[in-house]
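Biologist: I am new to this structure and would like to learn how to read it. Please take me through the features in turn.

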Amino acid sequence: MLEENKERLSKQEYDKIGDMLLELMGDCPYIPKDAKIKYNSKDVGKCVCIFTTGGNIKSKNVLGGFTAELTLQIAYKSSPQGNGAMIDAQNVLEKITGWLRDFENFPRLTGGRKITDITTGASFPTIDDVEGDTATVYASNVVMEYEVD
């Protein structure tokens, strides 16, 4: 079986999708009020981070549109102290990714883009240090598929 020859997403496409993801995550009711939302970066204190880890055009249509797949990592960075707080912090991320996964009517995106599916993986912890701020980061791998008219 031949492997598909997939075309990488352009920088402009990443920029458009990045803006959309920031806007979409701004609507998530499970992000703590005191947490910042960051794209491809982390910040001191609590933050929800959206990292793009790769993307490609899966197929093109005859009208110039395409179906694309973007691999992301969604993370929640905080400084939980003790087992209960760590469980609560991981639960924040689980609620955020569950909210993304359970959309029934995905929002329409700019430029004729439409999300068709979001799948999420299990969360996992890491320890992180940003500017001397040691924190626990819970992350989940996410795949977003979308179409462009």
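Modeller: Start with the idea of a core. A nonpolar core is a set of buried Ala, Val, Leu, Ile, Met, Phe, Trp, Tyr and Cys residues joined through side-chain atoms within 4.5 Å. Keep in mind that this is a predicted model.

Biologist: How many residues does the largest nonpolar core have, and which have the most contacts inside it?

Modeller: In soluble globular proteins, nonpolar side chains tend to be buried together. Here the largest nonpolar core has 33 residues, and Ile74 and Met144 have the most contacts inside it. Two or more residues of this core come from each of helix 1 (11-26), strand 3, strand 4 (66-78), helix 2 (83-101), strand 5 (113-130) and strand 6 (133-148). There is also a second, separate core of six residues, with Cys49, Phe51, Ala75 and Ala139 among them.

Biologist: What is Ile74 in contact with, beyond its neighbours within four places in sequence?

Modeller: Its partners include Met25, Val48, Ile50, Leu93, Ile96, Leu100, Tyr138 and Val142.

Biologist: Why is strand 4 described as largely enclosed?

Modeller: Buried means under 20% relative accessible area. Ten of the 13 residues of strand 4 are buried, so the rest of the structure largely encloses this strand.

Biologist: Which strands pair with strand 4, and in what sense?

Modeller: Strand 3 pairs with strand 4 in the antiparallel sense over twelve bridges. Within that pairing, Val48 stands opposite Tyr76. Strand 6 also pairs with strand 4 in the antiparallel sense, over 13 bridges. There, Ser78 has Thr136 of strand 6 as its bridge partner.

Biologist: Which residues of helix 2 are buried, and what covers them?

Modeller: The buried residues are Ala89, Val92, Leu93, Ile96, Thr97, Gly98, Trp99 and Leu100. Their cover includes helix 1, strand 3, strand 4, strand 5 and strand 6.

Biologist: What about backbone angles?

Modeller: Most residues other than glycine have a negative phi. Asn40 has a positive phi, near 55°, and is not a glycine. Asn40 lies in the loop between strand 2 (36-39) and strand 3 (47-60). Its relative accessible area is 37%, so Asn40 counts as partly exposed. Gly64 also takes a positive phi, near 100°, in the hairpin of strand 3 and strand 4, which has five residues between the strands.

Biologist: What is the overall pattern of the protein along the sequence?

Modeller: The protein has two helices and six strands, in the order β-α-β-β-β-α-β-β. Its radius of gyration is 16 Å, close to the 15 Å that the globule rule gives for 149 residues, so the protein is as compact as a globular protein of that length. Of the contacts with a separation of 6 or more, 61% are between residues 24 or more positions apart.

Biologist: Which elements have the lowest and the highest mean pLDDT?

Modeller: Where pLDDT is low, the predicted coordinates should not be read in detail. The average for this protein is 87, and 96% of the residues score at least 70. Among the elements, strand 1 (residues 7-8) has the lowest mean, 80, and strand 2 the highest, 95.

Notes: Residues numbered from 1 in each chain as written. Heavy atoms only, no water. Helix = DSSP H or I, 4+ residues; strand = E, 2+ residues; numbered from the N terminus. Buried < 20%, exposed > 50% of the residue type's maximum accessible area, 1.4 Å probe, protein only. pLDDT = per-residue confidence, 0-100. Contact = heavy atoms within 4.5 Å. Pairing = 2+ DSSP bridges. Rg over C-alpha atoms; globule rule 2.2 N^0.38 Å.
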